[in-house]
Amino acid sequence: MTAPAAASSFKRQLVGRTVIELSRRGKYLRFELDNGSTLVIHLRMTGRLTAADHPIRKDLKKYLRLLLCFEDETCIAFNDARRFGKTFILKASEAEEYWEKMGPEPLDRSFNAARLKKILGKRNRPIKSFLLDQHMVAGIGNIYADEALYRARIHPTCPAYELSDDEIERLVGSIKTTLRSAIAHKGSSIDTYRDSEGKRGKFQDTFSVHRREGEPCPACGHIIEKIKAGGRGTYFCPACQKCD
DNA sequence: CGTTAGCCCTGCTGGC
DNA sequence: TGCCAGCAGGGCTAAC
């Protein structure tokens, strides 16, 4: 379950098991086990998974939260300085209910304008806040919401239900291209994010608006502004991004 | 039901 | 130079 299990109970549920499949749903990483249960890891902002040999390197002992070691003596270290990341085990009987309450995967074929329009419905909340809600669409974080809205030329505080068909079409496209580009650049290492080999991503070098307050918009030169939307720092170009 | 504020957590940044 | 308040944010819960 989502409640943090005691370490001993956690260990008992994992020791001797075999990982039979790796997958992802939204921002959750899933390690499916041979007894039908699933080890789930969410990195949040500062969590890091690193491939390591046993015994693990000294630097990986700092902020170590979970260490998975396999029969061939390879390990996966989960480190998280801020302890915001989460690990939990889902029983087979709990899994379906847990995942189905999340919104669609934005990179799925089935995520198209018609689908998004249906979810937007009559919801009266800022589109930025909507995009961050994992029950609406899964997997979009603060960086990608800002960048996708910029590419779609939509103002972050625009009410969700007010988006025109053309804006919805643009937003679906911009979400997909933003996420695909971020993946191609191996993620965003603004802060502590590193891949499983400790390498930095490069997507942050391509940001158009995120964390660029006071800098010129790459398209029109207007100064990028920062506001608070959906409780998060939100960056946008006031000239390019409007509500139709 | 839909929406939002507040909370968790701690390393880092900016201001003095 | 050193200190420290406040920022950063994903997801859950409480509250409206």
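1. Aromatic pairs. In this predicted model, a search of the whole structure turns up 7 aromatic pairs. One of them joins Tyr28 and Trp99, whose ring centres are 5.5 Å apart and whose planes stand at 70°, so this pair is classed as edge-to-face, the cut-off for that class being over 60 degrees between the planes. The pair connects distant parts of the chain, since Tyr28 belongs to strand S2 (residues 28-33) and Trp99 to helix H2 (residues 92-100), with 71 residues separating them. Both partners are hidden from solvent by the criterion used here: Tyr28 is buried, and Trp99 is buried as well.

2. A further edge-to-face pair. The rings of Phe203 and Phe207 have centres 5.7 Å apart and planes at 75°, and the pair is therefore edge-to-face. Phe203 has a relative accessible area of 0% and is buried, while Phe207, at 7% relative accessibility, also counts as buried, because the limit for that term is under 20%.

3. The cluster around Tyr28 and Trp99. A reader who begins with the pair of Tyr28 and Trp99 may wish to look next at Phe88 and Tyr98, which form one aromatic cluster together with Tyr28 and Trp99.

4. Charges over rings. Arg30 lies over the face of Trp99, at 4.8 Å from the ring centre, so that Trp99 takes part both in this arrangement and in the edge-to-face pair with Tyr28. Another arginine, Arg82, is placed over the face of Phe84, in this case at 5.7 Å from the ring centre.

5. How do helix H3 and helix H6 lie relative to each other? The axes of H3 (residues 113-120) and H6 (residues 165-184) come within 9 Å and cross at roughly 115°, which means that H3 is roughly perpendicular to H6. The crossing of H3 and H6 is right-handed. On the side of H3, the contact is made by Ala113, Leu116, Lys117 and Leu120, and on the side of H6 by Asp165, Ile168, Glu169, Leu171 and Val172.

6. Ala7 is part of helix H1 (residues 7-14), and with a relative accessible area of 64% Ala7 is exposed, as the term requires a value over 50%. Ala7 and Leu66 are separated by 59 residues in sequence, whereas their C-alpha atoms are 9.5 Å apart in space.

How values were computed
Residues numbered from 1 in each chain as written. Chains lettered and ligands numbered in written order. Predicted model: local features only at pLDDT ≥ 70, side-chain atom pairs only at ≥ 80, totals over all residues. Heavy atoms only, no water. Phe/Tyr/Trp six-rings, centres within 6.5 Å; stacked < 30°, edge-to-face > 60°. Helix = DSSP H or I, 4+ residues; strand = E, 2+ residues; numbered from the N terminus. Buried < 20%, exposed > 50% of the residue type's maximum accessible area, 1.4 Å probe, protein only. Lys NZ or Arg CZ within 6 Å of the ring centre and 35° of its normal. Axes fitted to C-alpha atoms, helices over the stretch in contact; angles between N-to-C directions. Parallel < 35°, antiparallel > 145°, perpendicular 65-115°, else oblique. Left-handed = near helix turned anticlockwise from the far one by under 90°. Contact = heavy atoms within 4.5 Å.
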